[in-house]
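This text walks through a few local features of one protein model. Keep the sequence and the structure in view while reading.

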Amino acid sequence: MSNKFLIVGLGNIGAEYANTRHNIGFKILDFFARKESLDWQTVKLGQLTEYKFKGRTFFLLKPNTYMNLSGKAVQYWMDKENIPLENILVITDDLNLPFGTIRIKPKGSDGGHNGLKNINLVLNTQNYVRFRFGISDEFKKGQQVNYVLGQWNEEENAKLPERLELSGDIIRSFGTAGLEHTMSGFNGK
């Protein structure tokens, strides 16, 4: 059993995307890195930092390939660090869940998410763990892109710190307690 984990936060690079709903993967990893005093390094296909905890090594990755090509970065760092598929956690936004709702799943479809679609394609499997963070679907017909790429509203911003804190607990739990325990402990919270 490998003690190395790849935690991938999905998002788009650039200041214009920094505080958007679609970038929750980046936001969670940035919050976690700040809290643990970790420094980001610009590396091939992204930004990476390493976190050591209870004998485990977590590689936190923010791909710089833009959302639609995330799979390339995931595959590269999996291979480079020799991390097995079951030790990968991909953090993504989910329109089908109410704001802040957590859903951890061992596998699944891309649900229309272009980042997951590309990872499925590149890895040639849907069997990797997803940590879906609900961003809700409070938009009018035809406004999905504007909503997903829109900024958090005041109410969401007020609730985000607690959700980001919880997300850090999920990352640690995934690497130390395992998937089943993490799912039963955090799903629906």
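The model is predicted. A place to start is the hairpin that β2 and β3 form, with two residues between the strands. Strand β2 covers residues 41-43 and strand β3 covers residues 46-53. The two run antiparallel and are joined by three bridges. To follow the pairing by eye, find T42 and look across to β3, where its bridge partner is Q47.

Strand β3 also pairs with β4, which spans residues 56-63. Here eight bridges join the strands, and the direction is again antiparallel. Within this pairing, K52 stands opposite T57 of β4. β3 and β4 form a hairpin as well, with two residues between them. In that turn K54 has a positive phi, with a value of about 50 degrees.

The next stop is in a helix. N146 lies in α4, a helix made of residues 144-148. Is N146 buried or exposed? Its relative accessibility is 53%, and a residue counts as exposed over 50%, so N146 is exposed. The side chain of N146 makes a polar contact of 2.8 Å with the side chain of Q143. N146 can also be located relative to T20: the two are 126 residues apart in sequence, while their C-alpha atoms are 9.9 Å apart in space.

Methods
Residues are numbered from 1 along each chain as its sequence is written. This is a predicted model: local features need pLDDT of at least 70, side-chain atom pairs count only at pLDDT 80 or more; totals for chains, interfaces and linings use all residues. Side-chain values use heavy atoms; hydrogens and water are left out. Two strands pair if DSSP finds at least two bridges between them. Helices (H or I, at least four residues) and strands (E, at least two) are DSSP runs, numbered from the N terminus. Buried means under 20% relative accessible area, exposed over 50%, partly exposed in between (1.4 Å probe, protein chains only). A polar contact is a pair of N or O atoms within 3.5 Å; within protein, one must be able to donate a hydrogen and the other to accept it, and residues adjacent in sequence count only if both atoms are side-chain atoms.
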